[in-house]
Every structure is written in C-alpha cells, then in structure tokens.
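Subject: Structure handover

Hello,

Here is the structure for your files. My notes on it follow below.

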Amino acid sequence: MIEALLTYPQAWLGAWWDPVFSVVWTVLKIMAIVAPLMICVAYLTLWERKMIGFMQGRIGPNRTTFFGIGVLGGWAQPIADGLKLLAKEIIVPTGASRFLFILGPIMAIMPALAAWAVVPFTPELVLANVDASLLYIMAMTSLGVYGVIIAGWASNSKYAFLGALRSAAQIVSYEIAMGFALVGVLMAAQSLNLVDIVKSQQGNVGVFNWFWIPLFPLFVTYLIAGVAEINRAPFDVAEGESEIVAGFHVEYSGMTFAVFFLAEYANMILIGALTSLMFLGGWLSPFPQSWPLLGQASFGWLILKMFFVVSLFIWFRATFPRYRYDQIMRLGWKVFIPVTLIWVAVLGAWMQTSFWIWWS
C-alpha cells in the first residue's frame with residue numbers, strides 16, 4: 001500500500017519526484033522536531049511557575065483546566081497564555097523602524113530553532129549528522145545577540161537601547177568562555193561531531209566515563225555561562241532596577257513580546273541538551289553497561305538529563321538575587337575566561353600522560 005502511494009506521484013512527476021520528495025521529507029522531519037519543542041517550551045513555563053511556587057511555599061497555577069476537569073488544574077495555563085497573547089494588539093511605537101522592530105523577535109528565535117538541526121537524540125535520530133556540528137552550534141547560538149541589538153535599537157527608546165547594550169555586552173563576553181569550554185570538549189573527544197562526542201563517553205563504569213569529571217571546571221563554566229547567555233536570572237541585566245523596565249523588549253506587545261520568551265525558553269532547552277550531550281553522556285545510561293535494562297542507552301536518559309539541567313536554571317532563578325552589571329562582567333572576563341584557558345592547557349598536558357583514561 002505504501003509503495004503504491006509513493007510510486008503513484010512518481011509516475012506523473014517524473015524526474016521532479018526525487019527532489020520534491022526530499023524537500024517534503026525534510027520539512028516533515030523539521031516539523032517533528034519543532035512541534036514537540038514548542039510544546040515543551042509552553043509547558044516549561046508551567047513547570048517553572050510550579051517549581052518556584054513549591055520552593056516559596058505557594059501553590060502556583062491551579063485554576064485553568066481543560067473543559068473544567070478539576071484534576072487537570074493548571075495544565076491549560078500555557079494554552080490560555082498563548083491564546084491571550086495571540087489576541088493582543090501588536091503596537092509599533094511612533095518613530096520606530098517597523099521592519100527592524102518586527103525583525104528583532106525573528107532574529108532572536110531563529111537561531112534557537114535552527115541549532116536543533118544537528119542535535120542528536122540517539123546515534124540514528126538526528127536531522128543532519130554533520131562532522132562539524134559543534135561549529136554549527138557555535139555559529140547559530142552567536143546570532144542571537146543580533147536580535148537583542150536590533151530590538152533595542154529599532155524601538156526608538158533610550159531604555160530599550162540601554163537594556164540591549166547591557167545584554168549584548170554580557171552575551172558576547174560569556175560566549176568567549178563558552179567557546180573555550182567547548183575547546184576542552186573537542187580535545188577530549190577528538191571530534192567536532194556531537195554523535196562522536198557522546199560515543200567517546202561510553203564505558204563500563206557508566207557515569208564515571210562522562211566528560212564532567214575530567215572537564216569539571218569547563219562543565220561548571222559552560223553551565224553558568226549558559227545561564228548568562230540566555231539572559232536568565234541572576235544574570236538578567238536587561239532589566240535595569242533604576243529604570244523599572246523590562247529592557248530591550250519593553251516596547252513590544254502581543255506575539256512579538258511572546259516570541260522573545262519563546263526564544264528564551266527554547267534556548268534553555270537547547271543549553272540543557274548540549275550540556276547533557278557534551279558533559280553528561282547524552283543518551284548513555286549512568287549505570288554500567290553490564291546492568292540489564294538500566295545499563296542500556298536510551299533516548300529517555302537524554303530527556304531526564306535535559307530536564308535536570310533545565311530545572312537547575314529554574315532553581316538558580318528562585319535562589320540567587322540579580323547581580324550588579326560590574327559583578328557579572330568581572331565574573332566573565334576575570335574568572336571564567338582565565339579558568340577555561342588554564343584548564344585547556346592542563347587538559348592538553350594531562351592527555352599526554354597515562355593517567356588520561358577517557359579515550360573512546
């Protein structure tokens with residue numbers, strides 16, 4: 001039956017069938033990644049509100065239900081929030097550059113979605129298994145700063161522009177530390193391919209084969225720099241205390257405002273996935289391979305690790321107060337960059353000795 005459905009359009013499309021099928025199949029695979037990602041982004045907002053509410057002794061969202069079913073209290077909250085933002089008017093300020101004003105949110109969310117093209121969920125389940133996938137990730141994630149700058153400048157507001165400058169300086173600063181952290185991963189795995197990086201963490205002792213042990217300073221640096229990279233608390237310097245505004249997106253409303261938050265939460269999930277793949281073994285089990293069932297590699301292990309990392313981001317937001325701008329910049333330039341440079345040198349020397357046991 002399936003063969004008949006595939007050969008029928010081939011009969012009348014002729015030579016056009018192969019490229020058309022290739023495009024359609026690629027689009028379907030992209031939708032298979034983006035659609036679940038958007039659902040995860042929506043319900044990550046619910047999990048954040050519930051988790052922070054639990055930590056602060058509050059209930060959190062528990063009223064919005066599906067068709068009045070009380071057991072599902074709060075589960076329809078992300079859907080209600082999305083419908084509310086869809087119904088709100090998009091207001092473009094007088095004097096703003098309309099084209100750039102609309103382009104800003106697009107430039108913010110585009111890299112957060114495009115980076116998933118090379119993220120592997122299992123050795124076989126990946127949209128594009130390219131050799132230089134780590135370089136592609138770095139290139140895509142570095143584009144997010146343009147959305148911040150464009151949004152702040154196009155708003156024609158001094159407060160939005162100041163917030164954009166603070167955020168852009170922070171993002172660029174912490175990208176350097178993140179880049180050096182990835183150099184350590186490259187050295188340890190001897191590959192730029194994310195699938196090969198995970199495979200190089202295989203071993204008979206489970207969690208002790210993962211790169212978080214030899215690359216622990218780089219692991220901590222990458223995790224904290226990831227929080228700063230996506231402007232999450234306690235590094236959300238876009239919001240100026242003395243200005244009482246939300247920073248570069250203060251002039252946005254409706255779905256243009258929502259897209260910035262979609263980008264933020266999509267980046268949270270992306271950083272959680274990359275941290276899990278490069279330092280926490282990806283889809284590999286934390287138990288020894290000799291263990292039945294628990295020792296088997298699975299897509300579920302990657303999901304659990306991503307959930308753990310994302311929950312850490314929420315925990316940080318509920319625990320630490322916002323740092324001053326000079327403290328944040330000092331941490332990036334005077335602590336993280338020297339630490340990563342020193343550990344890359346230590347790692348290079350360590351790998352030349354017999355004490356290095358993390359070879360694939």
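Buried means a relative accessible area under 20%, exposed means over 50%, and partly exposed lies in between, using a 1.4 Å probe and protein chains only. Helices are DSSP runs of H or I with at least four residues, strands are E runs of at least two, and both are numbered from the N terminus. The model is predicted, so local features need pLDDT of at least 70 and side-chain atom pairs count only at pLDDT 80 or more, while totals for chains, interfaces and linings use all residues. Residues are numbered from 1 along each chain as its sequence is written, and side-chain values use heavy atoms, with hydrogens and water left out.

Helix α6 (residues 144-154) is largely enclosed by the rest of the structure, because 8 of its 11 residues are buried. The buried ones are Gly144, Val145, Gly147, Val148, Ile150, Ala151, Gly152 and Ala154. Their cover includes α4, α5 (133-141), α7 (158-189) and α10. Asparagine 156, which follows α6, has a positive phi near 60°.

Two of the covering helices, α4 and α10, also pack on each other. Helix α4 (residues 98-114) and helix α10 (residues 254-279) have axes 8 Å apart at an angle of about 15°; axes are lines fitted to C-alpha atoms, for helices over the stretch in contact, with angles running from 0 to 180 degrees between N-to-C directions. The two are therefore roughly parallel (under 35 degrees; over 145 is roughly antiparallel, 65 to 115 roughly perpendicular, the rest oblique). On the α4 side the contact (heavy atoms within 4.5 Å) involves Ile102, Gly104, Pro105, Ala108, Ile109 and Ala112. Among the residues that α10 contributes are Val259, Phe260, Leu262 and Leu270.

Serine 200 sits between α8 (194-199) and α9 (216-229) and is buried, at 3% relative accessible area. The side chain of serine 200 reaches the backbone oxygen of isoleucine 197 at 2.6 Å.

Glutamine 190, in the loop between α7 and α8, has a positive phi of about 60° without being a glycine. Glutamine 190 is exposed, at 55% relative accessibility.

In the loop between α9 and α10, asparagine 231 also has a positive phi, near 60°, but this residue is buried at 12% relative accessibility.

Regards

Notes. Polar contact = N/O pair within 3.5 Å; in protein donor to acceptor, adjacent residues only side chain to side chain.
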